Amino acid sequence: MRIAAINQFYWPDLAATSQLLTDLCEHLAAVGHDVHVVCGRGHYAGGHAALPHKELHAGVHIHRAWTANLGKASLLHRGADYASFHATATAQLMALPHPDVVLCLSTPPLVASLGMMAKAVRGSRFIYWVQDLYPDVAVELGALRRDSNMARSTAAFSRQILTRADAVVALGDAMRAQLTAHGAPVEKVHVVHNWADGHRILPTPVQDNKLREGWAERDRFCVMYSGNFGLAHDFDTLEHAFTQLGRRDDILFALVGDGVRKAPLEQGMRARGAVNLRFWPLFPREQLSHSLGAADVHLISLHPRLSGMVVPSKVYGVMAAGRPSVFVGPPESDVWRLLEESGAGLCVRNGDGPGLVDALMRLKDDVALRERMGLKARETFMARYDQPHALRAFERIITGAPVVQHPATRAPQGAKAVSVASGSDG
């Protein structure tokens, strides 16, 4: 089949959607499909890349459209980037040989309208892979007023996309419920969790981790946040723990990644005298096993109002590395449910800073608990969330083959994540 995929970012960019789409497209090309990707020429972190307009990489034809690439400093800059990509990507898509299938992600917002257009004009099957649900995310984060004309018109347009897609891919059950509530036909919505590569990311003992050794911090309890420092994540609750534990010489907070919340967080923690926080940019994907494995415990967070609209994909890499997680977020979210079913971590409600401190100290003091949760994380990951499971499911959706919906993961008997509340042992 000839498949066209559309997303603002693609290889060699390090954005999560870029890496996921690269995995999928390279797999589809490897099994014999003619795969074309329409993407932008810039980087998620900003700046134009010195990349060719067209390129063949790992069997995938890459078509890079021009974008303004002003970055994320303001809504005006983001809007200009989105609008320019919509326009140039439309021209690139229409210039491609007739695709049998058009796969659209949700970055930038409503770019899936190109898939809807290709279906109407060229008769292509249209598959919508939802990573973030717009405009709901923008409304909940305060970027759009709920009663504004912009919010109402984009919501109506989003419903059209959901109803006209031949298949809609959700990242979890909470997101599936949101999508069906927004008009996606139940029979067209399939859950395919984001993934990590279990052959590249392997559990290794902390004492054997070269990166941790290079930090000269092997004897400290290392808590890592790795990923996007974005508005969709709850850093207010994390800041409470950083402030309370930020001067202890037996704890190291390793904060890895980039985003709009990073610089204010770094400045605020410095002003509060938190001396045990270290900030790094994202490591190359080839070093992901070492970077994730450098931590004893990982932090994952989600804004309290974004359950079902965003699913932090970092949880899969953490599980592949065989490390426990502490999740800060709403109990109805997909990550909370995953950890609760698998026994791979502890869960804390948004705003419960003391509960987060208790959870971290519990894991610091109980090495056996950390090891058990790390084993459960890896075991569950290999059974359900390793890359081959997702790629096979996606290929069935793209080719129109019957899709097998697996039941929810069941935790081994007796395994359960602990919901930690302030003043309670869960």
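Biologist: What marks residues 405–426 as a stretch to treat separately in the confidence scores?

Modeller: The pLDDT of residues 405–426 stays under 50, on a scale that runs from 0 to 100. The model is predicted, and for this stretch it has 54 contacts beyond four places in sequence. Across the protein the average pLDDT is 89, and 89% of the residues score at least 70.

Biologist: Why is the pair F327 and W336 called edge-to-face?

Modeller: A pair of aromatic rings is described by the distance of the centres and the angle of the planes. Centres must lie within 6.5 Å, and planes over 60 degrees apart count as edge-to-face. By this rule there are eleven aromatic pairs. For F327 and W336 the centres are 6.5 Å apart and the planes stand at 85°, so the pair is edge-to-face. Both residues are buried.

Biologist: What makes K262 a charge over a ring, and which ring is it?

Modeller: The ring is that of F229, and K262 lies over its face at 5.9 Å from the ring centre. The limit for this distance is 6 Å, so the value falls inside it.

Biologist: How do you know on which side of α6 its buried residues lie?

Modeller: The buried residues of α6 (173–181) are A174, M175 and L179. They cover an arc of only 135° around the axis, and therefore sit on the same side of α6. In general, an α-helix has 3.6 residues a turn, so residues three or four places apart point the same way. The partners against which the buried residues of α6 pack are α5 (149–164), β7 (167–170), β8 (189–191) and α12 (334–342).

Biologist: Which residues touch the most other members of the largest nonpolar core?

Modeller: They are W129 and L179, in a core of 85 residues. Apart from this core lies another, of 31 residues, including L255 and L360. W129 also belongs to a cluster that ring pairs form with W195 and F394.

Definitions and conventions. Residues are numbered from 1 along each chain as its sequence is written. This is a predicted model: local features need pLDDT of at least 70, side-chain atom pairs count only at pLDDT 80 or more; totals for chains, interfaces and linings use all residues. Side-chain values use heavy atoms; hydrogens and water are left out. Buried means under 20% relative accessible area, exposed over 50%, partly exposed in between (1.4 Å probe, protein chains only). Helices (H or I, at least four residues) and strands (E, at least two) are DSSP runs, numbered from the N terminus. The arc is that of the directions from the helix axis to the C-beta atoms. Contact means heavy atoms within 4.5 Å. pLDDT is the predictor's confidence in each residue, from 0 to 100. Rings of Phe, Tyr and Trp (its six-membered ring) pair if their centres lie within 6.5 Å; planes under 30 degrees apart count as stacked, over 60 as edge-to-face and the rest as tilted. A charge sits over a ring if NZ of Lys or CZ of Arg is within 6 Å of the ring centre and within 35 degrees of the ring normal. A nonpolar core is a set of buried Ala, Val, Leu, Ile, Met, Phe, Trp, Tyr and Cys residues joined through side-chain atoms within 4.5 Å.
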